[in-house]
Amino acid sequence: MHLRYSCRLYPTKGQQSLLARTFGCARVVYNDALAVRREARKAGLPYPTATELQKRVITGAKRTPERSWLASVGVDPLIQSLRDLDAAYRNFFDSVSRKRRGRLVGLPRFKSRKDSRQSLRFSRNGFRVRPNGKLYLAKIGDVRVRWSRALPAEPSSVTVVLDAAGRYHASFVVDVEPEPLPETGREVGIDLGLGSFAVLSDGSVVDNPRFLRKAEKKLKAAQRELARKAKGSRNRAKARAKVARAHAGVADTRRDWLHKLTTGIIRENQAVYLEDLNVHGLGRGRLAKSVHDAGWGAFRRMLEQKAARHGRTVGVVHRSFPSSRLCAQCGHRDGPKPLHVRQWACPACGARHDRDLNAARNILAAGQADRRNAPGGPVRPGAATPHRARPVERGTRLGDPPRTGIRAAGAGGIPVR
């Protein structure tokens, strides 16, 4: 399986200038190739192949006065830029034909030099990790790296990223073997929320840290200072970088907290079950700021990635499952409840429930029931349930009516044995 390891880069002033030139050249090559493809589509011609595009927008363009400066940078990031365009078109066509799950992907668009994030990708031919710890990039030189840890294997590619805060990062792609953790008999259902970030079926409660809310005072001051600067001035550029650094600090803190939380959950539980929340839709409502601050999508993605690496299982219960209406003790289905109702009593058995804890237990029960019915589960009633079902590709039954609405998930939707 492939993992990414990100490290900070500290290029010199000269190397920053060379990187900026390479960013611009890669962007121009991408835009030129996109223009060629759009012209071919308007003319009713087939799309030019990758080899034809490379000869036209890189090799041939270097011999013209308008694009002669392309020869001043390494050719490897330019070729990788064309591959990014191919991937963008492939994702669009797969999305239109429904081969790609999720929201529809639009056609590739032209890149702007004013984008807050710039990136370059180097293949094995364009970079090398020196014995002294520096990263050699073709036609840029040896760049100083702050290594947070040693790479477990030789990287196959590296992406150099310049973010809005002016920080340089190197993202290494490394092929590693899965590292299964010792099996445990624990399984847990998780109900995500805004008052408390998560309530687990075992009664544990994870408080919502609200990183953005806590940093709002500092962010407002920085944004107010930015609004007072004259457009186009150097002071405005400094103020903009200050705002970007403040936002980057919030994002880094949230990401670090989510990594620690998901690592602990994966280590302690053999199977984890979540509800398929409509984060995209909730992020467009009146609670948008709180939803984005919580980071539910990143939490689920980290769980699935770590489960795939460590031999765990993550199940996702369909969003139509009435987890907050069912009684976890007798199974009675009650009516809808507004959000301000945090506790309720079952009219059938009289049991009093905490709303979030009851939902987490219902999610756990639904996930366990689906695992029993998954391929590899017991055939006869009363047969022993296997500890882990066989890998099932996510999305193979899109046309069938859902039975329980839960999907087994792992790397790319496939649980790892």
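What is the volume of the second largest pocket?

**Entry 1: the model.** I worked from a predicted model, in which local features need pLDDT of at least 70 and side-chain atom pairs count only at pLDDT 80 or more, while totals for chains, interfaces and linings use all residues. Residues are numbered from 1 along each chain as its sequence is written, and side-chain values use heavy atoms, with hydrogens and water left out.

**Entry 2: the pocket.** I looked up the second largest pocket and found a volume of about 810 Å³. A pocket here is an open set of points on a 1 Å grid over the protein atoms alone, where a 1.4 Å probe fits, with protein on both sides within 12 Å along at least five of seven lines; lining residues have an atom within 4 Å of a point. Grid points are joined across faces, edges and corners, and the volume is the space filled by probe spheres set on them. There are 28 lining residues, of which Leu192, Leu277, Ser324, Leu339 and Arg355 are the closest to the centre. I noted β8 (187-192) and α10 (355-373) as the elements that give two or more residues to this lining. Helices (H or I, at least four residues) and strands (E, at least two) are DSSP runs, numbered from the N terminus. By class, the lining has 11 nonpolar, 7 polar and 10 charged residues. Ala, Val, Leu, Ile, Met, Phe, Trp, Tyr, Cys and Pro count as nonpolar, Asp, Glu, Lys and Arg as charged, and the others, Gly among them, as polar.

**Entry 3: helix α6 and its partners.** I examined α6 (residues 234-268) against α9 (residues 296-310): the angle is about 45 degrees, and the axes lie 9 Å apart. Axes are lines fitted to C-alpha atoms, for helices over the stretch in contact, and angles run from 0 to 180 degrees between N-to-C directions. The two helices are therefore oblique to each other. Angles under 35 degrees count as roughly parallel, over 145 as roughly antiparallel, 65 to 115 as roughly perpendicular and the rest as oblique. The contact (heavy atoms within 4.5 Å) includes Leu258 and Ile265 of α6 and Phe299 and Met302 of α9. I counted 9 nonpolar, 4 polar and 2 charged residues in this contact.

I then took α5 (residues 216-227), whose axis comes within 9 Å of that of α6 and crosses at roughly 160 degrees. This makes α5 roughly antiparallel to α6. Among the contacting residues are Leu219 and Leu226 of α5 and Ala239 and Val243 of α6. The classes are 6 nonpolar, 2 polar and 4 charged.

**Entry 4: α1 and α3.** I found that the axes of α1 (residues 13-42) and α3 (residues 75-96) come within 9 Å and cross at roughly 40 degrees. α1 is therefore oblique to α3. The residues that meet include Val29 and Tyr30 in α1 and Leu82 and Leu85 in α3. This contact divides into 12 nonpolar, 2 polar and 4 charged residues.

**Entry 5: Arg124.** I located Arg124 in the loop between β2 (118-122) and β3 (127-129). Beyond neighbours within four places in sequence, Arg124 is in contact with Glu154, Pro155 and Ser156.
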